[in-house]
Amino acid sequence: MVVVVAIPATREPLPLLIAMHGLGESLKGPTAGAKGWLEDYHLDDAIARLAAPPITSRDYQGLGDGRRRAELNASLEKTPYRGLVIAMPYTPNILLPDRSLDGAEALGRFLVETLLPRLRAETPVIPRAEATGIDGVSLGGRAALLVGLAHPESFGAIGTLQAAIDPPEVTPLVGRIAEARTKNPELRLRLLTSSGDFYRGTLAALSRALKDQPHELRIVEGPHDYIFNRGPGAYEMLLFHDRVLRGEPAP
């Protein structure tokens with residue numbers, strides 16, 4: 001396994017986010033794949049812009065009509081972005097060989113048993129589950145959801161961006177979410193999709209099926225493509241975890 005870690009220049013302990021990339025990067029192999037969020041999705045640009053708002057249409061890759069950007073900018077004016085330690089592991093293709101909901105078991109063991117202890121020993125993170133989040137896009141969103149639900153005691157928040165979920169998986173996922181909440185009632189869950197995401201219908205169906213289970217479904221503008229990852233996806237992921245891992249409301 002290869003993991004790239006972005007650490008802000010601060011001595012203050014920070015929340016920790018594990019962010020996983022999509023299918024395209026998994027096909028590049030561990031070394032290039034683990035750099036996906038930085039080299040392919042330009043996450044460092046989003047981090048820099050959040051630290052120096054306002055977020056512009058150019059930052060958002062021209063997506064949307066500006067209303068969601070205005071909300072985020074108003075939120076940033078009230079509470080500035082404070083930063084996260086972001087660990088970006090190589091995400092293997094857990095869609096193969098049989099697209100099982102148990103396909104992330106080995107990945108989850110690595111993240112929880114090997115990566116988390118090392119990050120807490122070697123980086124300036126707050127060493128508590130409630131200050132630890134997991135998120136990802138497409139394949140990575142599927143991985144984040146499955147790993148987070150399998151290890152709810154290890155995370156304070158699970159986020160997903162355009163998670164690769166199929167309609168037959170909705171009912172079993174509802175059961176897994178309910179079971180995870182019995183182990184961690186405070187676990188935060190967000191499902192984020194977009195206008196051009198081909199998983200949008202399934203994620204909306206999952207949200208409806210959750211009924212009274214606390215969660216957020218957010219639909220923003222954009223395709224299921226790199227332009228989304230570099231624009232709304234990156235900004236939404238960073239700001240969500242910057243807030244909720246500090247016990248604050250999502251923006």
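A residue counts as buried under 20% relative accessible area, as exposed over 50%, and as partly exposed in between. In this predicted model, Asp-225 has a relative accessibility of 45%, and therefore counts as partly exposed. Asp-225 sits in the loop that runs between β7 (216-223) and α10 (226-244). Its C-alpha atom is 9.9 Å from that of Gln-162, although 63 residues separate the two along the chain.

Gln-61 is in the loop between α4 and α5. It is not a glycine, yet its phi is positive, at about 60 degrees. With a relative accessible area of 32%, Gln-61 is partly exposed. Arg-99, in the loop between β3 and α6, is also a non-glycine residue with positive phi, here about 55 degrees. The relative accessible area of Arg-99 is 24%, so this residue is partly exposed.

Pro-54 belongs to the loop between α4 (43-50) and α5 (67-78), and the bond joining Pro-53 to Pro-54 is cis, with omega about 15 degrees. Pro-97 is placed in the loop between β3 and α6; the peptide bond that leads from Leu-96 to Pro-97 is cis, with omega near 0 degrees.

The relative accessible area of Thr-132 is 0%, so the residue is buried. What does its side chain pair with? The side chain of Thr-132 makes a polar contact of 3.0 Å with the side chain of Arg-120. A polar atom of the Thr-132 side chain is also 2.9 Å from the backbone oxygen of Arg-128. Beyond four places in sequence, Thr-132 touches Leu-16, Leu-116, Arg-120, Ser-154, Phe-155, Gly-156, Ala-157 and Leu-245.

The largest nonpolar core has 42 residues, and those with the most contacts inside it are Ile-18, Met-20, Leu-111, Ile-134 and Leu-173. Two or more residues each come from β2 (16-20), β3 (85-89), α6 (105-122), α7, α8, β6 (188-196) and α9 (200-210). For Ile-134, contacts beyond four places in sequence include Ile-18, Met-20 and Leu-111, along with Leu-17, Ala-144, Val-147, Phe-155 and His-241.

Two packed helices are described by the angle between their axes and the distance between the axes. The axes of α7 (residues 139-150) and α8 (residues 170-183) come within 9 Å and cross at roughly 40 degrees. Angles under 35 degrees would count as roughly parallel, and 65 to 115 as roughly perpendicular; α7 and α8 are therefore oblique to each other. On the α7 side the contact is formed by Leu-145, Leu-146 and Leu-149, and on the α8 side by Leu-173, Arg-176, Ile-177 and Ala-180. Sorted by class, this contact has 6 nonpolar residues, no polar ones and 1 charged residue. Leu-173, part of the contact between the helices, is also listed among the residues with the most contacts inside the largest nonpolar core.

Notes:
Residues are numbered from 1 along each chain as its sequence is written. This is a predicted model: local features need pLDDT of at least 70, side-chain atom pairs count only at pLDDT 80 or more; totals for chains, interfaces and linings use all residues. Side-chain values use heavy atoms; hydrogens and water are left out. Axes are lines fitted to C-alpha atoms, for helices over the stretch in contact, and angles run from 0 to 180 degrees between N-to-C directions. Helices (H or I, at least four residues) and strands (E, at least two) are DSSP runs, numbered from the N terminus. Angles under 35 degrees count as roughly parallel, over 145 as roughly antiparallel, 65 to 115 as roughly perpendicular and the rest as oblique. Contact means heavy atoms within 4.5 Å. Ala, Val, Leu, Ile, Met, Phe, Trp, Tyr, Cys and Pro count as nonpolar, Asp, Glu, Lys and Arg as charged, and the others, Gly among them, as polar. Buried means under 20% relative accessible area, exposed over 50%, partly exposed in between (1.4 Å probe, protein chains only). A polar contact is a pair of N or O atoms within 3.5 Å; within protein, one must be able to donate a hydrogen and the other to accept it, and residues adjacent in sequence count only if both atoms are side-chain atoms. A nonpolar core is a set of buried Ala, Val, Leu, Ile, Met, Phe, Trp, Tyr and Cys residues joined through side-chain atoms within 4.5 Å.
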